[in-house]
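Here is a short report on one predicted model.

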Amino acid sequence: MTLDYSAVQRALPYLGEGMLFTLKLTVIAFLGGLVIGTVMAVIRHLQVPVLSRIIWAYVTVMRSIPLIMVLFWFFFLVPLLLRQFSPNGMSVSISPQFTAFVTYTLFEAAYFCEIIRSGLLAVPRGQFEGAKALGFSVLQTFTLVIIPQAVKAVVPIMVTQAIILFQDTSLVYVLSLTDFMGAAAKIAQRDGKLVEFYTFAAIVYFLICSGVAEVADYLRQRRLKSMVVRVAAPTATAATT
C-alpha cells in the first residue's frame with residue numbers, strides 16, 4: 001500500500017481552521033469552567049445552605065452523564081424550554097457554536113469544582129486563621145489567600161483536565177461543527193485518503209497532548225520536591241537545636 005501525504009499538505013489551511021476552532025473552544029471552556037467551578041467550589045467549601053446542595057446535585061449529574069448527551073440536551077431541549085417563555089409561542093433557535101461553547105463550559109465547571117475543592121481542602125487551616133487575624137473579610141481571605149494556594153496545589157490536575165478537554169472537542173461533530181478532527185475526517189472521506197489524514201491527525205494529537213502531559217508531570221514533580229523541602233526544613237532545624 002502506497003501512502004500519499006501530498007493531499008494532507010494541500011489541506012493544511014483547512015485543517016488549520018479546524019485546529020483554530022478546537023483551540024478556541026478549549027481555551028474558552030477551560031477559563032469559563034475554571035471561573036464558574038471555582039465559585040461553586042467555594043460555595044460548597046463554605047457549606048452555604050441550599051446553594052451547596054444544588055451545586056452538589058449539579059456536579060453529580062454532570063459527572064455522571066456523557067458530554068455528547070449534554071450537547072444533545074442543550075441543542076434540542078433548551079429551545080423547547082425557551083419557546084414556553086416566548087410571548088407568541090414561536091420557536092427559539094440556538095446556534096451550534098453557542099451550544100458548543102456554553103455546553104463545554106458548563107460541563108467543565110462541574111469537574112473544576114471538584115478539582116478546586118480538593119485544593120481548598122489542602123490549604124492548611126492556619127491560613128484561614130492568619131487572614132482572619134489580619135482583619136481580612138471572607139471575600140478577601142478567599143481571593144487573596146486561599147484560592148491562589150488552592151489553584152497552585154492542583155495545577156497538575158488542571159493541566160490533565162485541559163488535555164481531556166482538548167481531546168473531547170472532537171465531539172462537536174454531532175452539531176455539524178468543524179474542529180480539527182472533523183476537518184481531517186471530511187477531507188479524508190472526500191479524497192479517499194483515510195489512512196493518511198487519520199494518521200496525520202493522530203500524530204498532531206499525540207504531539208500536543210504528550211507535550212502538555214510532560215508539562216503536567218514537570219509541575220507535579222516540582223510540587224512534590226517543594227513539599228519535601230518544606231517537610232525537611234523544620235526537621236533539620238530541630239536537629240541542629
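Beyond its neighbours within four places in sequence, Tyr-198 is in contact (heavy atoms within 4.5 Å) with Met-181, Ala-185 and Gln-189. Tyr-198 sits in helix α10, residues 194–240. Helices here are DSSP runs of H or I with at least four residues, numbered from the N terminus. Tyr-198 is partly exposed, because its relative accessible area is 32%; the partly exposed class lies between buried, under 20%, and exposed, over 50% (1.4 Å probe, protein chains only). From Leu-34, Tyr-198 is 164 residues away along the chain, and their C-alpha atoms are separated by 32 Å.

The model is predicted, so local features need pLDDT of at least 70 and side-chain atom pairs count only at pLDDT 80 or more, while totals for chains, interfaces and linings use all residues. Residues are numbered from 1 along each chain as its sequence is written, and side-chain values use heavy atoms, with hydrogens and water left out.

Next, the cores. A nonpolar core is a set of buried Ala, Val, Leu, Ile, Met, Phe, Trp, Tyr and Cys residues joined through side-chain atoms within 4.5 Å. The largest one holds 43 residues, and Tyr-104, Leu-120 and Met-158 have the most contacts inside it. Two or more residues of this core come from each of α2 (12–45), α3 (51–62), α4 (67–84), α5 (96–122), α6 (125–133), α7 (138–153) and α8 (155–168). The top contributor is α5, with 11 residues. Another core lies apart from it, with 17 residues, including Ala-7, Val-8, Ile-163 and Ala-184.

What does Leu-120 touch, leaving aside its neighbours within four places in sequence? Its contacts are Ala-41, Val-42, His-45, Phe-142, Ile-146 and Ala-150.

Two helices can be set against their expected spans, where the expected value is 1.5 Å times one less than the number of residues.

| Helix | Residues | First to last C-alpha | Expected span |
|---|---|---|---|
| α5 | 27 residues | 39 Å | 39 Å |
| α2 | 34 residues | 47 Å | 50 Å |

Both spans are close to expectation. Still, α5 has a kink of about 25°, centred on Ala-110. The bend is the angle between axes fitted to the seven residues ending at a residue and the seven starting there. Just after α2, Gln-47 takes a positive phi of about 55°.

Last, the cysteines. Cys-113 is buried, with a relative accessible area of 0%. Cys-209 also counts as buried, at 10%. How many disulfides are there? The count is zero, taking a disulfide as a pair of cysteine sulfur atoms within 2.5 Å.
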